[in-house]
Amino acid sequence: MTPVSLDSALVESRTLGLRVRWDRRIPDLDGTDLEKLKRALERHGVLCLPGQPVTPAELYAFTGRWGSVIELPPGLALSNPEPGFPSITRVGNLRPDGSIIPSVKFAEYWHHDGDFWSPGRNYILNFLASVQVPAVGGNTGFLDLRAAFETLDPPVRSELDGAYIWVRASEISDFKRATPEELPPDAQHPVLLPHPVSGRVALYLPDSSSGIQRKDGSVWGTVETLIDAAVQRLGIYEHVWTPGDLVLMDNLQVMHRGMGGYGDHPRLLYRCQARVPVSR
Ligand SMILES: O=C(O)CCC(=O)C(=O)O
Ligand SMILES: [Fe+2]
């Protein structure tokens with residue numbers, strides 16, 4: 001996909017993973033262009049700024065311009081942080097000393113980051129900076145949840161009106177080492193979620209042991225049913241990384257997953273996350 005200018009991104013019909021050309025470096029983005037970039041992300045759900053190699057310090061500073069940078073307590077944090085930057089995760093299999101963590105299969109299932117926080121605290125943006133691209137595999141998949149909502153059969157849409165999903169951090173396998181004080185309280189999420197900024201509804205489909213519950217508490221079914229059907233109907237956007245790609249994503253508009261397949265080929269993305277405050 002040929003990169004477009006930031007102004008075109010604001011009017012381009014919605015495409016996941018639009019590439020936005022920015023001739024200067026991200027640390028030089030001024031306030032006006034930052035506002036445009038925010039509107040473009042709101043419109044597209046996932047954006048890629050190619051040709052933006054960033055240091056961990058630059059990624060941290062850029063993320064902080066979108067909201068408060070997330071730093072998870074040790075029991076919730078993933079195991080490969082960037083030295084000196086507890087809020088930056090090294091996604092992939094490369095340790096800071098250059099050695100490979102064997103057989104990594106991190107996040108190879110559809111998910112929203114931050115779904116274990118309650119509504120109002122789960123407006124999380126991810127910033128992924130590609131450092132090392134494996135010789136094979138290692139793409140990231142995205143599923144458009146606004147389109148997933150908009151293309152639902154009307155009867156299913158009415159069944160899901162008022163439906164909700166409980167996410168219990170204590171049941172998340174990655175958080176097994178967490179102390180009770182570190183675990184956030186159980187979170188109840190509406191399945192039909194109006195976006196805090198645009199108001200447009202998307203599906204919100206976090207994994208839960210109790211599945212999707214209707215308004216009256218009865219079980220509607222599993223999130224996989226809706227995810228699989230949306231993947232069938234819409235297809236997915238698969239980002240093929242180039243070193244220097246900076247990908248921005250809105251966890252309330254898209255789900256994402258690692259597509260895997262890189263075996264022990266070196267792969268490294270820096271990931272930083274911002275929580276955007278929601279006025280309610
Ligand atoms: O490995 C990937 O491509 C996705 C990783 C992921 O889920 C994340 O960085 O939040
Ligand atoms: Fe993720």
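Student: Which residues does Ala-129 touch, not counting residues up to four places away in sequence?
Tutor: This is a predicted model, and local features here need pLDDT of at least 70. Two residues count as in contact if their C-beta atoms lie within 7 Å. Leaving out residues up to four places away in sequence, Ala-129 touches Val-54, Leu-59, Leu-246, Leu-269 and Tyr-270.

Student: Which members of the largest nonpolar core touch the most other members?
Tutor: The core has 63 residues.

Student: How many residues does each domain bring to the contact between domain 1 and domain 2?
Tutor: The domain assignment gives domain 1 as 6–102 + 123–135 + 239–275, and domain 2 as 145–231. Their C-alpha centres lie 24 Å apart. The contact takes ten residues from domain 1 and 16 residues from domain 2.

Student: How do the residues on the domain 1 side divide by class?
Tutor: Take the side of domain 1 that touches domain 2. One residue there is charged and two are polar. The nonpolar ones number seven.

Student: Which strands each supply at least two residues of the shell around ligand 1?
Tutor: The residues around ligand 1 are Val-91, Phe-106, Ala-107, Asp-113, Asn-126, Leu-128, Thr-140, His-256, Gly-258 and Arg-271. By class, this shell has four nonpolar, four polar and two charged residues. Strand E16 spans 254–258. The strands asked for are E6 and E16.

Student: Is Ala-107 buried, exposed or partly exposed?
Tutor: Ala-107 sits in the loop between E5 and E6. Its phi is near 60 degrees, a positive value in a residue other than glycine. A residue is buried at 20 or more C-beta neighbours within 10 Å and exposed at 12 or fewer. Ala-107 has 16 such neighbours inside 10 Å, so it counts as partly exposed.

Student: Ser-103 has a positive phi too. Is Ser-103 buried or exposed?
Tutor: Ser-103 lies in the loop between strand E5 (85–92) and E6. Its phi is about 55 degrees, although it is not a glycine. With 8 other C-beta atoms within 10 Å, Ser-103 is exposed.

Student: How far apart are the C-alpha atoms of Pro-3 and Pro-50?
Tutor: Pro-3 lies in the segment before helix H1 (6–9). Its contacts are Arg-19, Val-20, Arg-21 and Pro-50, not counting residues up to four places away in sequence. Pro-3 and Pro-50 are 47 residues apart along the chain, and their C-alpha atoms are separated by 8.0 Å.

Student: What is the C-alpha to C-alpha distance between Leu-72 and Ser-87?
Tutor: Leu-72 is in the loop between strand E3 (68–69) and strand E4 (81–82). It has 17 C-beta neighbours inside 10 Å, so it counts as partly exposed. Leu-72 and Ser-87 are 15 residues apart in sequence, and in space 7.2 Å.

Student: What radius of gyration does the protein chain have?
Tutor: The C-alpha trace spans about 50 × 45 × 35 Å along its principal axes. For 280 residues, a compact globule would have a radius of gyration near 19 Å. The chain agrees with that, at 18 Å.

Conventions:
Residues numbered from 1 in each chain as written. Chains lettered and ligands numbered in written order. Predicted model: local features only at pLDDT ≥ 70, side-chain atom pairs only at ≥ 80, totals over all residues. Core = buried A, V, L, I, M, F, W, Y, C linked by C-beta atoms within 7 Å. Near = placed C-beta within 6 Å. Helix = DSSP H or I, 4+ residues; strand = E, 2+ residues; numbered from the N terminus. Nonpolar A, V, L, I, M, F, W, Y, C, P; charged D, E, K, R; others polar. Domains from an automatic or database assignment. Rg over C-alpha atoms; globule rule 2.2 N^0.38 Å.
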